[in-house]
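Try each one before you look at the solution.

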Amino acid sequence: MVLHYLTSGLGKENFIKKMNDKQKFITLILALMCNFTFLANAQNNEPTPAAKKLPECIKSHGEDSLETRRTMSVLQEDYNNRDYFYAYKWFTYMFTKAPCAYKTVYLYGQYTIKELIADSNYASRKEDLVDTLLMIFPTRIKYFGEEGLVKGTWAFNLGKYRPDSIKTVLALYEDYVNSQRDNLDDVIYIRDYMRNAVNGHIKKLLTKEELFNVYDLLSTISEENKVKYGAEDSSQYINWNNTIILVDSYMAQFLKCADIDAIYAPKIQKDPDNIDLTNKVIKLYKTAGSCNDNPNFVALLEKSFALSPNAIAAEGLANYFEKKGNNAKANDYFEKAADLSTDPKKKEDLYLKLADKNRSSSSVAKSFARKVLDINPNNGYAIIIIGSSIYSSACGDEFDKAMAACAAVEMFQKAKNLDPSVTADANKLISSYSKYFPNSEQVFFRGLKEGQSYTIPCSGISATIKVK
C-alpha cells in the first residue's frame, strides 16, 4: 500500500516534537480514563467478519494497540482543530499500521486529504494526494463493507478529481443507486450521475439508448423521493423537485422525437402490453417537450391509461385534447389526472387549473376550488375563484345580489391575507366589486345597519353588510 507523505511545512524535528508532546498528553489521559470519546460507538467501527480473517486484521489495533489509540486520538484532535497537515500524518499511520481499527479513520482521511488538495501550498503534490484519496474508498469497503453506500462517495470523488474515468464513475454510480435505492438521501450524487452520463454520451462512451436508460432510472428515483417527502415546503421535497428539473435539463438537448421513435417503437411492437416499458417511453416523450402531437406518443398515452389508469397518461391526454380544442375531453382527463396523482402539489395545480377553466360554471368552479383548498387551505387563487363564483351565481333581489358582492370581497380579502402572492389581483377585484355594494338606502329600508351580518336567503351565504 503506497501513500503520499507530506514532508514540507514543518521540519522533521518539529513534527517529532509535536508528536511526542501529544503522545505524552494522551498517555496522561489514558492513565486517568478508561475510554475515549471516539470509542463510544465502537460497535459501529467493527470490521466485517470476512475482514477479521485477514492477516492485517487479526490484531485489529495493529502491533502496538496503545500507539494506535494514541494516534487515533491526536488524529481526531487535529482534524477537529483543522490542523490538516498533522491530521494527515496521523491518518497515514492508521491507514498503514492499523487499517482495521476504526472506520472513522477513513472519514477523517477523506476530508483531510480534500482540504489539502484544495490548499495552494500543496499544489505540487495534488496528484499524489488525489491518488491517496482514491485509495480510501476501496480500502474502506475491503475492511468495513457498506459497499453500495461507499461507492456513491467514491464515484463522486473519482469524477471530480479524475474526470476522464467516466466509465468507472458510471459503474460505481450504477452499483450505488441499485443498492441504495430505498435509502437515497443525497441528491448531489443523483445529479452528478446524470452529468457524467451525459458527458459519457458526448464522448461516445454511452449509446443514446444507454443514456436514456440512465435518465429513466434517475428521474424515476427523483419522482419517487419527491412523492415520499410530500410536503411542498420541506427541504427534501424541494431538493428532489430541483433534481428532477436539473436532470430533465441535462437531457433536453438529446431527446428528439425521431430518436425515441427509432429506438423504442420496435421494442413496443414486440412487447405491446408491457406497462413499464410503455411508461418509460412516455416519460422520454414528455421530457423531449416537442412530441405532444406525435402519433406514437398519443397512442402510448392511450395504451398506458387503458392498461393501468395513471396520472401521467391522463395529463398527457388532457394536454393533447386541450391543444386540439376538445375541452370536454381535456377537462375529463385533467380531472382524472388530478384524482390519480400521488403528488399533492400536482393535485393542487390540476384542480386549480380545472377551477379556472370552468369559471363559466360557478358551481363547477367552486367545486374544484374547494378541492384545492382541501389540499392547501392557503391557496389564494382558489379562494379568489370561490369569491368570483359567489358573485357570478348571485340570486334573489337587488339587495341580495349586492350582498353577494360583499361576500365576494370578503373572500378576496381573505385570499390576500392568507396568500400574499395574490395581493395585487385581490386588490383589483376588491376595488371592482366594491362598486356593487348596497347603498345606504337599501340597507335602511331593510331595517339593517352597516356592519351587521346578513344571510342571503336563496344561497345561504352570510356576509357583513358594507355600504358603497
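**Exercise 1. Work out what the side chain of N310 touches and whether N310 is buried or exposed.**

Solution. Start with the backbone nitrogen of I312: a polar atom of the N310 side chain sits 3.3 Å from it. Next, go side chain to side chain, where N310 makes a polar contact with S304 at 2.8 Å (a pair of N or O atoms within 3.5 Å; within protein, one able to donate a hydrogen and the other to accept it, with residues adjacent in sequence counting only if both atoms are side-chain atoms). Now skip neighbours within four places in sequence: N310 is in contact (heavy atoms within 4.5 Å) with N279, S304, F305 and L340. Last, check the area: N310 is buried, because its relative accessible area is 17% and buried means under 20% with a 1.4 Å probe, protein chains only.

A note on the source: this is a predicted model, where local features need pLDDT of at least 70 and side-chain atom pairs pLDDT 80 or more, while totals for chains, interfaces and linings use all residues. Residues count from 1 along each chain as its sequence is written, and side-chain values use heavy atoms, leaving out hydrogens and water.

**Exercise 2. Classify how helix α8 (residues 147–161) and helix α10 (residues 187–202) cross.**

Solution. First, the axes come within 10 Å and cross at roughly 50 degrees. Then list the contact: G152, T153 and F156 from α8 meet I188, Y189 and D192 from α10. Finally, sort those residues: 3 are nonpolar, 2 polar and 1 charged, with Gly counted as polar.

Methods
Axes are lines fitted to C-alpha atoms, for helices over the stretch in contact, and angles run from 0 to 180 degrees between N-to-C directions. Helices (H or I, at least four residues) and strands (E, at least two) are DSSP runs, numbered from the N terminus. Buried means under 20% relative accessible area, exposed over 50%, partly exposed in between (1.4 Å probe, protein chains only).
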